[in-house]
Amino acid sequence: MTDDAEAKPQKKSLAQTLAFFGERRSLVMLGLGFASGLPYMLIFDTLSLWLRDAGLSLAVIGFFSLATLSFSFKFLWAPLIDRAKVPLLHGLLGHRRAWMLACQVVIILGLLGISGVNPAKNLPLMAAIAVLVGFTTATQDIVIDAWRIEVVDTERQGQMAVAVQWGYRGAMIMAGAVPLILAERFGWNISYLAMAGAMVVGLIATLSAPREAAHAIRPIHTDGVNQPKALEILEWLARLAILAIGALLVGSGLSGDAGLLSKFVGGEALDAAWQAKPNGVWLQLAGVLAGLLVIVVAAWPIPKVKTKPGVYLSTALGSPLKEFTTRFSGVAGLILAAICVYRVSDFVLNIMNPFYRDMGFSLTEIAEIRKVFGIIASMAGVFLGGVVVARFGLMKALIIGAFAQPLSNLMFALLAMSGHSVPMLFASICIDNLAGGVAGTALIAYMSSLTSAGFTATQYALFSSLYALPGKLIASQSGRIVEGSAQAAERGGPIGLLKGLFTHLPPESFTAAGAKLGVSAPAMAAGYTAFFIYTALIGVAAIVLSFMVAVRQPAHMRAMEGREATPST
C-alpha cells in the first residue's frame with residue numbers, strides 16, 4: 001500500500017521476482033500465514049471430530065460453527081485495530097506487531113485451555129474458549145493483512161500474497177491431519193496441546209518481522225463536546241447494543257447461518273427458511289442489507305446534537321469509507337463493482353462434487369485428484385499469480401486473472417463431453433486450481449493497493465468481508481440452472497442442440513442422474529454443459545470491469561496528481 005499504487009511498474013526479471021521469496025519479509029509472511037490458518041482449522045473443522053468422539057450430537061457440533069460469525073463482520077472492529085495501541089508492547093514492537101503478538105498469546109492460551117477441557121463434562125467452557133479463539137483469530141487476520149500491506153510497496157504485494165496463502169494452506173493441511181494422528185495415539189487433549197505448541201511459529205514470525213512504516217493514527221476530534229458522563233455512558237451502551245444487532249444480522253447473512261439470530265427472533269422457522277435451498281439466500285441478502293442499515297443507524301450522529309459517542313463512531317466507521325470514495329471519486333463505484341464480481345465465475349461452481357459423481361467417478365478418484373493434485377495445482381497457481389503481479393503490474397495481472405477463471409470453467413464443459421476420463425478430470429481440476437490461484441493472488445494484491453495509511457486494516461477488512469456476497473447469491477441458483485437446462489435440452493430448443501455432443505457417453509456417465517430428474521443421459525450432460533458455458537459468460541462481466549478499471553483508475557489518479565501539482569491562485 002503506497003501512494004504510487006497506479007504508477008507504471010518497472011518490469012522485473014524472473015530472477016529478481018523469485019529472489020524476494022527468500023527475503024526476510026517473505027519468510028515472515030509465510031510464518032504469519034501459518035499462524036492464521038492453524039487456529040482457524042482447529043476451531044472450525046478439526047474440533048468437530050473431537051466433539052463427535054465425545055458423543056455430542058450433530059446439532060451441538062453445528063452450534064460451534066457460530067464462532068465463524070466473527071469473520072463475517074470483522075470490519076466493524078477493524079477501526080479499533082487501526083486506532084488503539086497495545087499497552088507496553090506498542091513501544092517495543094510497533095503498532096501492528098504488538099497487536100499480532102497479543103493475539104497470538106491469547107490464541108495459544110486458548111488452545112491450551114481447550115486441551116485441558118473434557119467436552120462431555122464441561123461443554124459450555126469449551127464453547128466459550130472456542131468463541132474467544134475464533135474472535136482472536138479473526139482479529140489476528142485483520143492485523144496480519146494490515147502489516148502485509150504496510151511493510152512492502154505495491155509492486156511486492158503479489159509476492160506477499162503468495163507467502164501468506166502458502167503458509168495458510170500449509171497450516172490447514174497440517175491441522176487437518178496431524179491432530180487426528182496424535183489423537184489416535186495419545187488422545188485429543190494431548191493433540192491440542194501439541195497444536196498450541198505449533199503456534200510458536202507465529203510468535204517467532206512476529207518477533208522476526210520488520211516494523212511496518214510508521215503507523216499514523218488519524219485523530220478523532222471531540223474537543224468542545226460537552227456531555228454529562230452518565231449520558232455519555234448510556235449513549236455508548238445504546239449504540240453498542242444497536243451495533244451488535246447489526247453485526248449479528250450481517251454475520252448471519254454472510255455466513256449463511258441464522259442459528260444464533262433465531263435464538264432471539266423467528267425461532268426454528270427462521271433458521272429453516274434462512275438455510276432453505278435455493279431461496280434462503282434472499283433472506284440472507286436481506287439480513288446483510290438490514291444489518292448494514294442498522295450499523296449506519298448505530299454510528300449516525302444525533303441530528304443537531306454533538307455527542308462523543310456519535311462523533312467517535314461516525315468517524316471511526318465512516319471515515320475509512322469516505323476517504324476511499326473521496327480518493328477514487330468518480331471510479332469508486334466501478335472499483336467496488338469489479339471487486340464484487342471478480343470471483344463470481346469461480347464461486348458459482350459449488351456443485352462440482354455432484355457433477356463428478358454424476359459423471360461416474362468414484363470417491364477415490366475424486367479424492368486423489370482433487371485433494372492431492374488439486375492442492376498442489378492451487379499452490380502453484382498462487383505462486384504463478386505472484387510472479388504475474390511482480391512482472392507485469394497490478395492492472396495487467398487483474399486482467400489476466402479475470403480471463404483465467406471463465407476460460408478454466410470451459411474445461412469442465414470439455415470434461416462433460418469426454419465422459420468418465422480420469423486424465424481429463426486431472427487436467428480440468430488442475431487447470432481450474434491454477435487459474436483460481438492466479439486470480440485470487442491478483443485480487444488480494446489489488447485490494448491491498450486500494451488501502452491508505454491510517455485506514456489499512458479497516459478498508460481491507462471491508463473489501464475482504466463483502467467481495468464474496470454477489471457470488472454467494474448467484475451460486476445459490478446453480479443446481480436449479482443445471483436441472484432447468486437439462487429439462488430444456490430434453491424438450492429440444494437451443495440447449496437441446498448440445499445433446500448431439502453426448503451420443504457416445506459411457507453408461508455410468510449421467511445415466512443415474514438423468515433418471516432421477518426424468519431426462520436422458522445426453523440431456524443431463526447438456527444441462528451441465530450449458531451451466532459451465534453460463535459460468536464462463538458471467539466471467540465476461542469481470543473481464544469488462546477489469547479493463548474499465550485498468551483504463552479509468554490510472555487516468556483518475558493522474559488527473560488527481562495534476563490537480564495537486566497545479567498551484568492554487
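**Exercise 1. State how much space lies in the largest pocket of this predicted model, and characterise the lining.**

Solution. 
1. The largest pocket holds about 2300 Å³ of space.
2. Its lining consists of 50 residues. Nearest the centre of the pocket lie Y168, R169, M172, F347 and Y467.
3. Sorted by class, the lining residues are 24 nonpolar, 15 polar and 11 charged.
4. Among the contributing elements, helix α21, spanning residues 422-449, gives the most to this lining, namely 9 residues.

**Exercise 2. Determine whether R96 and D82, which form a salt bridge, are buried or exposed, and locate both residues in the chain.**

Solution. 
1. The side chains of R96 and D82 meet with an N to O distance of 2.8 Å.
2. This pair links distant parts of the chain: R96 belongs to helix α7 (residues 95-115) and D82 to helix α5 (residues 78-83), 14 residues apart.
3. Buried requires a relative accessible area under 20%. R96 has 0% and is therefore buried.
4. D82 has a relative accessibility of 1%, so D82 is buried.

**Exercise 3. Describe the salt bridge between R148 and D145 in terms of distance, helical position and burial.**

Solution. 
1. The N to O distance between the two side chains is 3.3 Å.
2. Both residues lie in helix α8 (residues 123-151); because R148 and D145 are 3 residues apart there, about one helical turn separates them.
3. Both R148 and D145 are buried.

**Exercise 4. Identify the salt-bridge network that includes E23 and R25, and classify these two residues by accessibility.**

Solution. 
1. The structure holds 10 salt bridges. One of them joins the side chains of R25 and E23 at 3.1 Å, N to O.
2. A network of salt bridges links E23, R25 and R156.
3. Partly exposed covers the range between the buried limit of 20% and the exposed limit of 50%. R25, at 22% relative accessible area, is therefore partly exposed.
4. E23 has 27% relative accessibility, so E23 is also partly exposed.

Note on methods:
Residues numbered from 1 in each chain as written. Predicted model: local features only at pLDDT ≥ 70, side-chain atom pairs only at ≥ 80, totals over all residues. Heavy atoms only, no water. 1 Å grid on protein atoms, 1.4 Å probe; cavity = no way out; pocket = protein on both sides within 12 Å on 5 of 7 lines; lining within 4 Å. Points joined across faces, edges and corners; volume = space filled by probe spheres on them. Helix = DSSP H or I, 4+ residues; strand = E, 2+ residues; numbered from the N terminus. Nonpolar A, V, L, I, M, F, W, Y, C, P; charged D, E, K, R; others polar. Salt bridge = Lys/Arg side-chain N within 4 Å of Asp/Glu carboxyl O. Buried < 20%, exposed > 50% of the residue type's maximum accessible area, 1.4 Å probe, protein only.
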